[in-house]
Amino acid sequence: MKIIMAGIDHTIAGLATREKFILTGTMEEMAYREILRDPRIRGAVLLCTCNRTEIYLSCRDGFDENPFRILCRALGQEFAPYEGVHKVRSGEALFWHLCRLACGTKSRIWGEDQILAQVKQALESARRNRAADSVLEVLFRNAITAAKQSKSLVRFTSAGRSVAGRTLALLQEKYPAPAHVLVIGNGEVGKMVAGTLAGAGYQVTMTVRSYRHGGPDIPDGVDRVPYSDRYREMGKCEVLISATSSPHLTVERDAFSELPRIPVLLVDLAVPRDIDPAIGAFPGVTLVDIDTLAGEQVREDHSRQLEEIDGIIAKYSRRYLSWRIRYEELVEA
């Protein structure tokens with residue numbers, strides 16, 4: 001039995017490349033079906049965030065194919081253009097990578113909190129698609145538990161480590177409260193950002209899809225408008241933020257150019273991008289994407305925290321290795 005992973009992330013690929021590997025719900029289901037057709041593969045977990053897309057495979061003995069080639073095939077992408085922009089890991093290196101990732105130490109915004117929830121969601125999605133076998137289940141559960149304990153015991157001192165915190169810092173620098181902000185998208189990221197900004201004194205409006213019957217819950221202090229009215233609302237704002245999981249643009253160049261008054265600071269937190277990049281060339285407009293936002297953070301020395309985190313991970317690494325030995329003995333018997 002062999003456990004192997006491969007992935008593309010922000011350290012080796014820009015946003016334009018990573019966008020091609022974003023998994024929507026339907027695409028993810030299709031990818032799992034394609035991956036599991038291979039009789040050599042016992043289980044799979046796909047992890048997709050704004051910073052990375054990764055494939056984890058549990059394979060039968062003798063498996064020797066690059067997992068990223070399998071991911072490309074499942075997504076209808078050619079492998080050759082991405083041979084130099086992905087990493088492959090197996091064995092103990094794979095376990096440590098997943099644990100550190102779940103802790104947020106491999107995120108573009110160091111120590112950010114959302115990645116742990118995204119790792120949990122990846123495992124849950126694999127379960128829904130009947131893709132996670134016993135080995136991947138235990139692998140991910142140990143990594144999640146190690147990350148939870150690290151978050152509980154280690155002091156993450158990076159200020160504004162979440163996307164919401166970085167967005168607030170950007171606005172406070174350029175547009176102090178009570179500037180008017182429109183947030184497109186009422187998913188977890190959109191709600192987190194809207195709530196953070198409203199709490200800091202900004203006038204925040206959020207788009208919702210189901211307006212007539214009240215729509216989804218939104219943070220306290222945040223107004224709502226139907227998504228279909230987003231362009232009209234933009235004309236009232238100084239700042240526009242978009243954070244959806246849509247594969248399509250939420251803000252298109254032509255419609256934006258027709259606004260009688262335009263917001264001059266636009267923050268695109270989505271991957272793939274929500275806001276047409278061409279809008280960034282408009283006179284007086286500043287367009288910030290997720291890579292630019294994270295790249296503005298202050299560099300800090302995290303060696304002390306990493307040492308503490310690695311001490312916690314080591315305990316779970318031994319636990320996982322011990323379980324693997326017992327499991328493989330049972331399988332072989």
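At 25% relative accessibility, C48 counts as partly exposed, a label for residues that fall between buried (under 20% relative accessible area) and exposed (over 50%), judged with a 1.4 Å probe and protein chains only. The structure is a predicted model, in which local features need pLDDT of at least 70 and side-chain atom pairs count only at pLDDT 80 or more, while totals for chains, interfaces and linings use all residues. Residues are numbered from 1 along each chain as its sequence is written, and side-chain values use heavy atoms, with hydrogens and water left out.

The cysteines make a friendly starting point. A disulfide is a covalent bond between the sulfur atoms of two cysteines; here the term is applied to a pair of cysteine sulfur atoms within 2.5 Å. Searching the whole structure turns up zero disulfides. C48 is in no disulfide, and the nearest cysteine sulfur, that of C50, is 9.1 Å away. For C59, the closest cysteine sulfur is in C72, and the separation of 16 Å is too far for a bond. C59 is buried, with a relative accessible area of 0%.

Next comes the overall fold. The protein chain has twelve helices and ten strands, where helices (H or I, at least four residues) and strands (E, at least two) are DSSP runs numbered from the N terminus. Its radius of gyration is 21 Å, close to the 20 Å that the globule rule gives for 333 residues, so the chain is as compact as a globular protein of that length. This radius is taken over C-alpha atoms, and the rule is 2.2 Å times the number of residues to the power 0.38. Along its principal axes, the C-alpha trace spans about 70 × 45 × 40 Å.

Of the 333 residues in the protein chain, 52% are buried. A contact means heavy atoms within 4.5 Å; among contacts between residues at least 6 apart in sequence, 67% join residues at least 24 apart. The accessible surface of the chain comes to about 15,300 Å², and 47% of that surface belongs to carbon and sulfur atoms. Such areas come from the Shrake-Rupley method with a 1.4 Å probe, and for residues only the protein chains shown count as cover.

Helix 3 (residues 67-75) illustrates a mostly covered element, with seven of its nine residues buried. These buried residues are P67, F68, I70, L71, C72, A74 and L75. They pack against strand 1 (2-9), helix 2 (25-36), strand 2 (41-48), strand 3 (52-59) and strand 4 (87-90).

Helix 5 (residues 114-128) holds S125, and R128 is also placed in helix 5. S125 is buried, with a relative accessible area of 3%, whereas R128 is exposed at 62%. S125 touches E28 and Y32, not counting residues up to four places away in sequence. Although S125 and Y32 are 93 residues apart along the chain, their C-alpha atoms are separated by 9.9 Å. For R128 and E29, 99 residues apart along the chain, the C-alpha separation is 9.3 Å.

Leaving aside neighbours within four places in sequence, H10 is in contact with R18, N51, R52, K106, S107 and R108. H10 and D291 are 281 residues apart in sequence and 8.1 Å apart in space, C-alpha to C-alpha.

Finally, some backbone details deserve a look. Most residues other than glycine have a negative phi, and most peptide bonds are trans. R130, in the loop between helix 5 and helix 6 (134-153), has a positive phi of about 55 degrees although it is not a glycine. At 78% relative accessibility, R130 counts as exposed. The peptide bond from A177 to P178 is cis, with omega near 10 degrees, and P178 is placed in the loop between helix 7 (163-174) and strand 5 (180-184). Another cis peptide bond runs from V271 to P272, with omega near 0 degrees. P272 has its place in the loop between strand 9 (265-268) and strand 10 (286-289).
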